[in-house]
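Open the model in your viewer and keep the selection tool at hand.

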Amino acid sequence: MNNLVIFPMLIPVIAGLIMIVFRHQITFQRVLSIVSTLAIAGVTVVLIQQVKAQGIQTIHLGGWEPPFGIVFVGDMFALILVLTSAVVAIACLFYAFSSIGRKRETFYFYAFVQFLLAGVIGSFLTGDLFNLFVCFEVMLLASYVLIALGGEKIQLRESLKYVLINVLSSMLFLISAGFLYGAVGTLNMAQLAERVAEAEQGGILTTIAILFLIVFGLKSALFLFFWLPGAYGAPPTAVAALFGALLTKVGIYALFRTFTLIFPHEPGITHTLLGIMAGATMLLGAIGAIAYQDIKRIVSYNVIVAVGFIIAGLAIFTMPSIEGAIYYLIHDMIAKALLFLLAGTVIYLTGQKWLKEIGGLIRHFPVLGWTFFIVVLALAGIPPLSGFIGKVLVTQGAIMEGSYVLAAIALGSSILVLYSLLKIFKNSFWGEAIMGKEEMEPLKLGMLIPCVFLAALSLAFGLGIEGISAYVTQAAETLMEPSKYIDAVLYNQ
Amino acid sequence: METLMALLVGLLFTVGTYMVLSKNIVRIILGTAVFSHGAHLLLITMGGLKGGAAPLLDQGNDAFVDSLPQALILTAIVINFGVTAFFLVLAYRGYTELGTDDMNQLRGNKDE
């Protein structure tokens, strides 16, 4: 029992509720949202130290022992993701201060960001499949509002489709949870893991596992990503960056949890399917990224490629590949937020989203240009930056396991990603200046600083890999040995 | 009883799927509502319909109903209620802004 485990979810809920009361006090809301997000990060750092020293921390809400009550579990994997989410959210919030506009701010923008964070963090920390559904819904409802807030035509058009897809996938989630409950009689993840292991995951349980794969595939844009490019192109930059960094990652987290903890017994079926889906996601995402001339589309397809790459690490299912996937997951949250912020800034400056209408920006905005170059290199996996170690480990795992096709697709897709991003860099920052500086919007410092902060973070993550590796290894160990998780949750060991 | 429920759930899913596939946005929303009823009924059937008394153990009831699926459905109903309300408002706002409720006309830009 450790009461701290609930705090990362509780803090944003309370902060969001307070903000609803003070609708017109924008400055107060801004300060409170930063304070709350910093508090989440602080609590999570403390928790990570505790988990490192004492093992997995749990809290049984209301004193009801599992499997009867609601249980929150802080293991290393979940806490690392919580910490990264909080840090990325701080950068996106700072960007929002100078870009989101007064109208959205008075319509509870900051409150909904807090609720979104609460849902995301709750999904990471919950130890029970039904609460995962509830936290998913909290997150999704906040995201529905954020995507539609402002009421521009494109936002309304895309949010209708986004809401429909997510309502249907949530129903499927409920149905699969119902089937699982009917089959094994519990929804506590640790107990599920135990009972599925006892039943040796027969045909019915594998079918349910595939149902979960479809559900989380829809949420994380794994193969079923048709809804993503439209939806992520609609909202304002700060919101798109939050979505790109956090929302698909929650689906990825759920896939990791279910397929390492509950259904790891039939890797021949489920993990092969995961591998095929991951390969197809990387290929199709990369094709989309190079096919479009529209900056927002290119960036959105880059999110899809990364999802495929991380799930490839899960599909290979060895210690190095899981470790690599975790490294890449952290890297991708930082880099995708940065990429969305930079792309949004370019569109804000020029008022154009088509590459051929933009050119020569680096003459006027050198810092912005080089920050973009850093994120290109990071996403391509060039050594001193954050994407490198993840790529190496996943590829190494793939070759060790003999999944040469997956390794080839992973490497080939990173070249295509590099090409697609260099296309933006070359077209918009190099070349002839199509517009003079006076024709463009002035670059606000409040937009540049979050980008530089995230780029520095990406660099620090790449250089400080030695310091982080112990934590990531512990996270991967918990994922590879479900017994640790089960013992901590059910038997308090 | 379970067989009957399974047939009903199947019927609801069929109707829901049919309605979600239509063009009109209001029909789609009603389709998701029907779909969710199917999901809720499926959940309660999965918990086992045969049973008996309320789950009050100190009353000496040996045969009692599993209360967990009911708690789950209650939560799911509340969530679904909220989402449907939001979806209806969104559809209305979309209709006033975009001037259409036909999903075919809500595709991406013309220049894509």
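This is a predicted model: local features need pLDDT of at least 70, side-chain atom pairs count only at pLDDT 80 or more; totals for chains, interfaces and linings use all residues.

**Stop one: the interface**

Residues are numbered from 1 along each chain as written, chains are lettered from A in the order written, and side-chain values use heavy atoms, without hydrogens and water.

Now select the elements of chain B that give two or more residues to the side touching chain A: helix H1 (2-20), helix H2 (25-46) and helix H3 (68-98). Helices are DSSP runs of H or I, at least four residues, numbered from the N terminus. H3(B) gives the largest share, 16 residues.

Next, select by contact (heavy atoms within 4.5 Å). You get 37 residues of chain B and 32 of chain A. The buried area is about 3,100 Å², 81% of it from carbon and sulfur atoms; this is accessible area (1.4 Å probe) lost on putting the two parts together, summed over both. Pick Met46(B), Phe86(B) and Leu90(B): they supply 16% of the area that chain B buries against chain A, more than any other three residues.

**Stop two: around Phe256(A)**

Move to Phe256(A). Leaving aside neighbours within four places in sequence, Phe256(A) is in contact with Phe77(A), Leu261(A), Ile310(A), Ile311(A), Leu314(A), Ile322(A), Ala325(A) and Leu479(A).
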